[in-house]
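Reader: I have a model open and want a quick tour. Can we go through it piece by piece?

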Amino acid sequence: MGILERLNAGEVVIGDGGFVFALEKRGYVKAGPWTPEAASEHPEAVRQLHREFLRAGANVMQTFTFYASDDKLENRGNKLTFTGAQINEAACDLAREVANEGDALVAGGVCQTPSYLSCKSEKEVKAILKKQLDVFMKKNVDFLIAEYFEHVEEAVWAVEVLKETGKPVAASMCIGPEGDMHGVSPAECAVRLVKAGAQIVGVNCHFDPLTCVQAVKMMKEGVEKAGLKAHYMVQPLAYHTPDCSCQGFIDLPEFPFGLEPRILSRWDMHKYAREAYNAGIRFIGGCCGFEPYHIRAVAEELAPDRGFLPAASEKHGNWGAGLEMHTKPWVRARARRDYWENLKPASGRPLCPSMSAPDSWGVTKGHKDLMQQKEATSQGQLKTLFDRSKSN
């Protein structure tokens, strides 16, 4: 069955996790550009990560095409030996290969563009997205996702392009309860996306799971109040973000190399999965920071609702039950749900604050600081940023 048939039947669809962060940690993606050339350069790494998410319980294999638009691949001195079309084709082939190993669907994904931030026209932005779409149609993906949009205007443009294919369209924005970067509420964003043709709407990235669930609840309320219908999705960070502002974790001083103390445990993921399910969300996955064990936790929490456990649960006892086999008695005593549900993990960092002060520069589309360029960032440009950072 396709994505809409599954959701219409009340099934829980579990997404995969955050490929750019996972592959950066493994040495296949460069932080900064965050582009997906690994699909062509190191297909074995991308294939293996797909397989791990499939084994963990994901039944959507999203193509590793994040930031694979030509304007992003060429941005700020990023030099590639593969074209955008080659990367996108390789990503589609890898996702399909692994999806066919299980009961999974392939989703072709597009995301926000540097051209939009640089105030290019609707026609120019749509042309960039259309170029990716041509590959997805050639490879016959099962459905399409417009994800990681900070501005609802660009997200609507993306949905309008994707709808021309006749494929099911999902749209998720990287926003929290405060709304998009121009202050458009989650409810209004969702209404605009549904009216543009998205059958599934929600949020991904930038915020922690419970914050994202709250934003999707607001979307759901807005859609229902407008007399419209949609399915709902959520694919959050695997990081705690209680101190984030409108821009989310990008504003945190720890982004992107010092986020590990914020990582959610597998037990936090159980709570997230249940909260999302209870909110009426049926497409539940993850984004940056999510590893396969996080998705396994989501699948295990929702096993009673789905009727089965993922294959990876063969190596994982329910709520730590495998610890019953440990050699040390005090570790065996932790083989119970109430221990892990009530644990308050320590960071082990004596001088580490519990919260950070986000870098709230307050710039968005149209500001001169966000004008993108093909040339590498110059030392003069960097000095200006360093000086400004010191004064904030």
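Reader: Which residue stands opposite valine 60 in strand 3?
Author: Leucine 105 does. Keep in mind that this is a predicted model. Strands 2 and 3 pair in the parallel sense, over three bridges.

Reader: And how many bridges join strand 3 to strand 4?
Author: Five, and those two run parallel as well. Strand 4 covers residues 143–149. Within it, glutamate 147 stands opposite cysteine 111.

Reader: How many residues of strand 3 are buried?
Author: Seven of its seven, over residues 105–111. Both faces are covered. One side has Leu105, Ala107, Gly109 and Cys111. The other has Val106, Gly108 and Val110.

Reader: Why do the residues split into two sets like that?
Author: In a regular strand, side chains alternate between the two faces of the sheet.

Reader: Zoom out. What is the strand order in the sheet?
Author: It is 1-8-7-6-5-4-3-2, an open sheet of eight strands with parallel pairing. Strand 1 (13–14) and strand 2 (60–62) stand at the edges. Each has a single partner strand, so one side of each is left without a neighbour in the sheet.

Reader: How many bridges pair strand 5 with strand 6?
Author: Four, in the parallel sense. Strand 5 is residues 169–173 and strand 6 is residues 200–204. Serine 172 stands opposite glycine 202 there.

Reader: Which residues are buried in helix 12?
Author: Trp267, Met269, His270, Tyr272, Ala273, Ala276 and Tyr277.

Reader: What covers them?
Author: The cover includes helix 11 (209–225), strand 7 and strand 8 (283–284). It also includes helix 13 (292–301), helix 14 (303–306) and helix 16 (337–342).

Reader: What comes just after helix 12?
Author: Glycine 280, with a positive phi of about 90°. Tyrosine 277 also has a charged residue over its ring. Arginine 282 lies over the face of that ring, at 3.7 Å from the ring centre.

Reader: On to rings. How many aromatic pairs does the structure hold?
Author: It holds 18. Take phenylalanine 21 and phenylalanine 255. Their ring centres are 6.4 Å apart and their planes are at 35°, so the pair is tilted.

Reader: Where do those two phenylalanines lie?
Author: Phenylalanine 21 lies in helix 2 (residues 19–25). Phenylalanine 255 is in the loop between strand 7 (231–235) and helix 12 (266–278). So the pair ties together parts that are 234 residues apart in sequence.

Reader: Phenylalanine 21, buried or exposed?
Author: Buried, with a relative accessible area of 3%. Phenylalanine 255 counts as partly exposed, at 24%.

Reader: Which residues do ring pairs link into a cluster?
Author: Phe21, Trp34, Tyr239, Phe249 and Phe255.

Reader: How about cysteine 212, buried or exposed?
Author: Buried, at 0% relative accessibility.

Reader: Last one. Where does serine 40 lie?
Author: In helix 3 (residues 38–41). Serine 40 is buried, with a relative accessible area of 18%.

Reader: What does serine 40 touch?
Author: Leaving out residues up to four places away in sequence, serine 40 touches Phe82, Gln86, Ile87 and Ala90. Serine 40 and alanine 90 are 50 residues apart in sequence. In space they are 5.9 Å apart, C-alpha to C-alpha.

Technical notes
Residues numbered from 1 in each chain as written. Predicted model: local features only at pLDDT ≥ 70, side-chain atom pairs only at ≥ 80, totals over all residues. Heavy atoms only, no water. Buried < 20%, exposed > 50% of the residue type's maximum accessible area, 1.4 Å probe, protein only. Phe/Tyr/Trp six-rings, centres within 6.5 Å; stacked < 30°, edge-to-face > 60°. Lys NZ or Arg CZ within 6 Å of the ring centre and 35° of its normal. Contact = heavy atoms within 4.5 Å. Pairing = 2+ DSSP bridges.
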